[in-house]
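Dear colleague,

I am handing over the structure we spoke about, and my notes on what was found in it follow directly below. Please read them with the model open beside you.

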Amino acid sequence: MANERVRVRGVNIHRPIIYGNTATVLTSKQREQLAATAPDHTHTWTVAVRGAASASDQDIVGGADDLSYFIKRVTFKLHDTYPNPSRNVDKPPFEVTETGWGEFEIQIRITFVPDAGEKPILLYHHLKLHPWTALGDPEIPSLDVALKSGPVHSWQYDELVFNDPFQTFLNTLLAHPPTPLVRSRRKPVPFHLSHLDGLEASKGGTPEFTQQMEKEEAVRLEDARKAIVVEEQKWRLKFLEREKELAQLRKMVDEKGIVV
Ligand code: SLL
């Protein structure tokens, strides 16, 4: 209907998503099965776009909500070493599972349902296979160690924001409120450590995004804001001092008639 193709001005509405990957070392049995076709493959991995909240009864990161009410297609552009590297996924779960040996950048294009009237968006994810310990640590754990320490997780939380949405699209969004994040994690992994400290942190469970993490992030942002205000104040005072000094010097020059 024509009047429903009207944008609702001043309204912002968002949907929380996560994107990223989980990777597991292939067992010797799986490697045997791949021996003829892909003898150099070491890992199996899944790259996905999901709702941010995790379902309590499932052992995956995020994915409590079906996002197909606003996402029509997700295209995962893999490395050119893969056959048909551009993979279109037109229904949930919006994910691709593959095996391989190397990490690379995956381009993720999200196309919205036609009603949204929104352009597709592009995200980038670096496929992570190895549980690097600390940043800059030269030790890459051997496959045996990595196998024992369980899956590697690398996930990014984001919010898709729709400004001035069309009335019909707004109605669709309002009819599908996202599952709220749990207050604090139900599982043992400190999620924010899992990508930095893969070996230790990925032991013992599937990470989960929580309201607690959101709060901690808000505290970090607020601390940074305060630090900036303090710095700004410090430099403002310095600037005023220098201005004063300059004015005095100018006065001296005028009084003494020094030509510079
Ligand atoms: C690297 N820049 O050199 C990366 C490229 C490509 C990984 C990694 C699959 C290979 C296949 C695969 O793991 N590609 O299926 O033949 O580390």
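A pocket is defined on a 1 Å grid over the protein atoms alone, as an open set of points with protein on both sides within 12 Å along at least five of seven lines, and its lining residues have an atom within 4 Å of a point. A molecule sits in a pocket if more than half of its atoms lie within 2 Å of its grid points. By these criteria, the ligand sits in the second largest pocket.

Please keep in mind that this is a predicted model, in which local features need pLDDT of at least 70 and side-chain atom pairs count only at pLDDT 80 or more, while totals for chains, interfaces and linings use all residues. Residues are numbered from 1 along each chain as its sequence is written, and side-chain values use heavy atoms, with hydrogens and water left out.

The second largest pocket has a volume of about 170 Å³, a volume being the space filled by probe spheres set on the grid points, which are joined across faces, edges and corners. Its lining includes Pro83, Glu98 and Thr99. By class, four nonpolar, six polar and two charged residues make up that lining, where Ala, Val, Leu, Ile, Met, Phe, Trp, Tyr, Cys and Pro count as nonpolar, Asp, Glu, Lys and Arg as charged, and the others, Gly among them, as polar.

Around the ligand (a heavy atom within 4 Å) are His41, His79, Thr81, Tyr82, Gly100, Trp101, Gly102, Glu103 and Phe104.

An oxygen atom of the ligand is 3.1 Å from a side-chain N or O atom of histidine 41; a backbone N or O atom of tryptophan 101 lies 2.8 Å from a ligand oxygen; and a polar backbone atom of glycine 102 is 3.3 Å from an oxygen atom of the ligand. Taken alone the ligand exposes 460 Å², of which the protein buries 67% (Shrake-Rupley method, 1.4 Å probe).

As for the backbone, the peptide bond from proline 92 to proline 93 is cis, with omega near 0°.

Conventions
A polar contact is a pair of N or O atoms within 3.5 Å; within protein, one must be able to donate a hydrogen and the other to accept it, and residues adjacent in sequence count only if both atoms are side-chain atoms. On a 1 Å grid over the protein atoms alone, a cavity is a set of points where a 1.4 Å probe fits but cannot get out, and a pocket is an open set with protein on both sides within 12 Å along at least five of seven lines; lining residues have an atom within 4 Å of a point.
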